[in-house]
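Good morning, everyone. Please have the structure up on your screens while I talk.

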Number of protein chains: 2
Amino acid sequence: MIEVCLLGCGGMMPLPDRRLTALLYRYNGKMILIDCGEGTQLPIKMTGWGFKSIDAICFTHYHADHIAGLPGFLLTLGNSGKEEPLKIYGPPGLIEVVKALTIIAPELPFEIILIELSDGNLSTNYVGDIIIKSVPVDHTIACLSYSLEIRRAGKFDVQRAKKGNIPIRFWNRLQKGEIIEHEGKRYEPGMVLGRERKGLKVTYSTDTRPTEELADFCRGSDLLIGEGMYGENDQLDKAIKNKHMIFSEAAALAAKSHSKELWLTHYSPSLQNPDLYIDNAQNIFGNTITGKDLMIKRINFD
Amino acid sequence: MIEVCLLGCGGMMPLPDRRLTALLYRYNGKMILIDCGEGTQLPIKMTGWGFKSIDAICFTHYHADHIAGLPGFLLTLGNSGKEEPLKIYGPPGLIEVVKALTIIAPELPFEIILIELSDGNLSTNYVGDIIIKSVPVDHTIACLSYSLEIRRAGKFDVQRAKKGNIPIRFWNRLQKGEIIEHEGKRYEPGMVLGRERKGLKVTYSTDTRPTEELADFCRGSDLLIGEGMYGENDQLDKAIKNKHMIFSEAAALAAKSHSKELWLTHYSPSLQNPDLYIDNAQNIFGNTITGKDLMIKRINFD
């Protein structure tokens, strides 16, 4: 099972009743944070999931509403007792931006590992069993969308194991993914497992226009958390100009990518009641939900 | 009349139910902000006083809970339509810190004027009719306390004006503070005004140990907003170690400086209910109030 919490749903600036868009993702004792705007440490605290297990932050881009909360977050993370390294991923410029912002958080009890991702190609990284993929998107500055994927091995296939004369004492270790060399023979998990089963994929994509590459990237998401800066269809020109999306475009992206569920987020401060425009999305992609601060979903394997 | 709003009352980190300590001060169309921690733009918005008239920020020091909100604040200030320059005051290091933090707020529609204040001596600056005084205090890094003072001229003294043969047509201009040269004579406001009357003084002093110099600096404050990191008297050792104050020390400072009223603020996150310890302060200085987020006071001239 994975758990995701949409920490906030606002774009541009925090509002008294709407926190900035960011995502906290939890699987198997590991946690990943996507974006960290001003105040993001507060909804993290409110989840009750703790800070200490946050292993990585993925930044989409370096507009303040996505990164200004970093120094305060790092200090709070330090106070949580964290000692393991923290990985920070982001588009080129990461090293310079993090170095500048941490001028006010100069002493931390853990190491920070900075990984600048390509703004030209797809990247793949790993945090425990979580596969972090990123793709460049179409915003006013270098910007990435992320997918967090968990793969799921096939079921143990007794017939196959017997047919292949795999010693029974190795079955358990092979099922767990181990490769075993014994008396000159090599045994691999694939020899005892059936076909890989469907895993889980969550995609996070704000601050972009819809593109073909992005639809490919989102393909088959169990949950797509998508850009919904404007609700009304007649705000398309503004969305094109500012490199954002209207609700109906996010819905079309969800439909095209055969995603299972769409959460709209990253609302303009001028969009006071997103629910008023939900039809604009649901007419195109039925399973659209308007994101709210601290909305949580648990997703199980099929 | 001046108006002050304690924007938050927390120290170290923002909490879901407690914003970071900062002050918004308003007089005669001018506004001054003291400190700007993560999230401070939100209570400013909630005052309804607007952003555009904020002319200056005074930073006490560069710990993150006092300055991390700067980039987001500047962007919101830019969105408010501000075009006039913004003055920023703070102890040495200001230029380096502001330059670093504004890496994520690179384009603003107003000029920023940075004024580094002495961390060894008292400084005096002016924003309109507001006199900003600062004094170095005793914290773990360079840190200042501020007082914001309004002077009040004496009453118009008709007898004096007549006695001095001041032409009646100049009376009004002299009362307003103008100096007039006419037919080889020089007329000054002092020639028509009585003795200067009592003005208004608000002092803001967090993140310091109590010192003799600080008591001098706070002298005669109509309102002293003071450090109250810990409530219990037996936390004195911790306060000494971390260069903060306990409630009773802030109260002693208010008493010694003949201040009229004390607001405690900058509570440790561990201090969940400051009201439980108010007696520790009120036994020493009766007119002590525990600060709360968005507490507003209007102070009139006598």
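Start with a caution: this is a predicted model.

Find strand β2 of chain A, residues 22–27. Six of its six residues are buried, so the strand is mostly covered. Look at the side chains' directions. A:A22, A:L24 and A:R26 point one way from β2(A). A:L23, A:Y25 and A:Y27 point the other way. Both sets are buried.

Which strands flank it? On the one hand there is β1, residues 2–8 of chain A, which pairs with β2(A) in the antiparallel sense over five bridges. To place that pairing, take A:G8, whose bridge partner in β2(A) is A:A22. Then there is β3, residues 30–34 of chain A, also joined to β2(A) by five bridges and running antiparallel. Here A:L23 has A:I34 as its bridge partner in β3(A). The hairpin of β2(A) and β3(A) has two residues between the strands. In that hairpin, A:N28 takes a positive phi near 55 degrees.

Next, the helices. Go to α3(A). Eight of its 10 residues are buried, so the helix is largely enclosed by the rest of the structure. The buried ones run A:L70, A:P71, A:G72, A:F73, A:L74, A:L75, A:T76 and A:L77. What covers them? From chain A, the cover includes α1, β4 (54–58), α2, β5 and α4. Chain B contributes as well, through its α2 (64–67). Just after α3(A), A:G81 takes a positive phi of about 95 degrees.

Move on to α4(A). Its buried residues are A:V97, A:V98 and A:L101. Why do they sit on the same side of α4(A)? Because they cover an arc of only 95 degrees around the axis. An α-helix has 3.6 residues a turn, so residues three or four places apart point the same way. The buried residues of α4(A) pack against α2, α3, β5 (86–90) and β6 (112–116) of chain A. They also pack against α4 (94–101) of chain B.

That brings us to the contact between the chains. How many residues of chain A are in contact with chain B? The count is 23, and they meet 23 residues of chain B. On the chain A side, the elements that give two or more residues are α1 (41–47), α2 (64–67), α3 (70–79) and α4 (94–101). α3(A) gives the most, with four residues.

One residue deserves a stop: A:I104, in the loop between α4 and β6 of chain A. Is A:I104 buried or exposed? With 21 other C-beta atoms within 10 Å, A:I104 is buried, because 20 or more is the cut-off. Leaving out residues up to four places away in sequence, A:I104 touches A:P71 and also B:Y62, B:A64, B:I67, B:A68 and B:V97. Now compare positions along the chain. A:I104 and A:L75 are 29 residues apart, with their C-alpha atoms separated by 9.4 Å.

On to the open sheet. Seven strands of chain A form it, in the order β7-β8-β9-β12-β13-β14-β15, and the pairing is mixed. Its edge strands are β7 (123–127) and β15 (288–290), each pairing on one side only. The twist averages 25 degrees from one strand to the next. Zoom in on one end. Three bridges join β14 (residues 262–265) to β15(A), and the two run parallel. There, A:L264 has A:T290 as its bridge partner.

Last, two more backbone details. Most residues other than glycine have a negative phi. A:N165, in contrast, has a positive phi near 55 degrees. Find A:N165 in the loop between α5 (158–163) and α6 (168–175) of chain A. A:N165 is exposed, with 8 other C-beta atoms within 10 Å. A:L294 is not a glycine either, and its phi is positive, about 65 degrees. A:L294 lies in the loop between β15 and β16 (295–299) of chain A. With 14 C-beta neighbours inside 10 Å, A:L294 counts as partly exposed.

That's my tour. Over to you.

Terms used
Residues are numbered from 1 along each chain as its sequence is written. Chains are lettered from A and ligands numbered from 1 in the order in which they are written. This is a predicted model: local features need pLDDT of at least 70, side-chain atom pairs count only at pLDDT 80 or more; totals for chains, interfaces and linings use all residues. Two strands pair if DSSP finds at least two bridges between them. Axes are lines fitted to C-alpha atoms, for helices over the stretch in contact, and angles run from 0 to 180 degrees between N-to-C directions. Two residues are in contact if their C-beta atoms, placed from the backbone, lie within 7 Å. A residue is buried if 20 or more other C-beta atoms lie within 10 Å of its own, exposed if 12 or fewer, and partly exposed in between; C-beta atoms are placed from the backbone. The arc is that of the directions from the helix axis to the C-beta atoms.
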